[in-house]
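Please open the model in your viewer and keep the sequence panel beside it. The stops below tell you what to select next and what is to be found there.

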Amino acid sequence: MSGPFVLPVRDILRAPGEMREFELTVPAPEKWGEGLAWVDKGSDVEVDVRLESVHEGILVTAETVTTYEAQCSRCLVDLTHPLEVEFQELFGYSGDEATDFQVQDDHVDLETGIRDAIVLSLPFQPVCQPDCPGLDPSTGERLTGAAVQETQIDPRWTALAALSAQTPDHDGEAIRPAADDTEKS
């Protein structure tokens with residue numbers, strides 16, 4: 001096994017209580033994430049890892065720091081933000097009960113767990129600021145924090161608006177039957 005996220009655990013295998021710590025800075029091997037937020041291929045991923053031997057396997061605790069790129073979901077402006085993610089997983093010994101992660105050839109491969117933790121922590125709908133007004137629906141230009149223009153009426157409704165302006169409102173003058181004019185049962 002080899003790779004930037006593969007760490008040796010031979011010296012702590014089946015020795016509960018033993019621990020090793022590593023600090024890694026690894027470029028992301030591929031683009032992680034899709035949609036409006038992602039970590040670019042080649043972006044530095046800093047990982048502080050603690051490997052602890054327990055009876056069931058190797059407990060991996062990691063803190064990762066990287067930056068992600070995004071587009072504001074309202075105004076489509078490009079964003080770059082730092083991202084810190086914690087990851088903890090048990091890598092079981094081969095042959096024991098089924099686990100998602102296993103110790104293989106006296107090594108643990110952290111890439112899948114770290115990638116999943118990072119991708120799951122990316123924002124689903126990133127915004128440049130909490131009250132981002134978005135884009136103008138008629139011009140498509142980015143709205144600023146300035147006063148929002150009054151909504152323009154669709155020109156297809158002008159004939160109806162003209163008809164509404166010419167017709168008086170007769171709701172207040174409606175003739176209502178008196179109580180003794182109603183049908184009796």
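**Charged pairs**

A search of the whole structure finds 5 salt bridges, a salt bridge being a side-chain nitrogen of Lys or Arg within 4 Å of a carboxyl oxygen of Asp or Glu. Before you select them, note that this is a predicted model, in which local features need pLDDT of at least 70 and side-chain atom pairs count only at pLDDT 80 or more, while totals for chains, interfaces and linings use all residues. Residues are numbered from 1 along each chain as its sequence is written, and side-chain values use heavy atoms, with hydrogens and water left out.

Begin with Glu-18 and Arg-20, whose closest N and O atoms are 3.5 Å apart in a salt bridge. Glu-18 is partly exposed at 35% relative accessibility, and Arg-20 is partly exposed at 27%; here buried means under 20% relative accessible area, exposed over 50%, and partly exposed in between, with a 1.4 Å probe and protein chains only.

Next select Arg-50 and Glu-52, which form a salt bridge with an N to O distance of 3.2 Å. Arg-50 has a relative accessible area of 30% and is partly exposed, as is Glu-52 at 24%. Then move to Arg-115 and Asp-116, where the side chains meet in a salt bridge at 3.4 Å, N to O; Asp-116 is partly exposed at 34%, and Arg-115 is partly exposed at 24%.

Now select residues 111-121, which make up helix 1, and colour its buried residues, Gly-113, Ile-114, Ala-117 and Ile-118. These residues cover an arc of only 125 degrees around the axis, so they lie on the same side of helix 1; the arc is that of the directions from the helix axis to the C-beta atoms. Helices (H or I, at least four residues) and strands (E, at least two) are DSSP runs, numbered from the N terminus. The buried residues of helix 1 pack against strand 4 (44-54), strand 5, strand 6 (78-92) and strand 7 (101-102).

Which residues does Thr-64 touch, not counting those up to four places away in sequence? Thr-64, in strand 5 (residues 57-71), is buried at 4% relative accessibility. Its contacts, meaning heavy atoms within 4.5 Å, are Val-45, Glu-46, Val-47, Leu-83, Glu-84, Val-85, Ile-114 and Ile-118.

**Two cysteines**

Select Cys-128 and Cys-132 next. The structure holds 0 disulfides, a disulfide being a pair of cysteine sulfur atoms within 2.5 Å. The sulfur of Cys-128 has its closest cysteine sulfur in Cys-132, at 3.6 Å, and this is too far for a bond. Cys-128 counts as partly exposed at 25% relative accessibility, whereas Cys-132 counts as buried at 6%.

**A nonpolar patch**

Finish with Ile-153, Trp-157, Leu-160 and Leu-163, which together form a nonpolar patch on the surface with about 470 Å² of accessible area. Patches are made of residues with over 30% relative accessible area and no salt bridge, like charges being joined within 9 Å and nonpolar side chains (Val, Leu, Ile, Met, Phe, Trp, Tyr) within 5 Å; accessible areas come from the Shrake-Rupley method with a 1.4 Å probe, and for residues only the protein chains shown count as cover.
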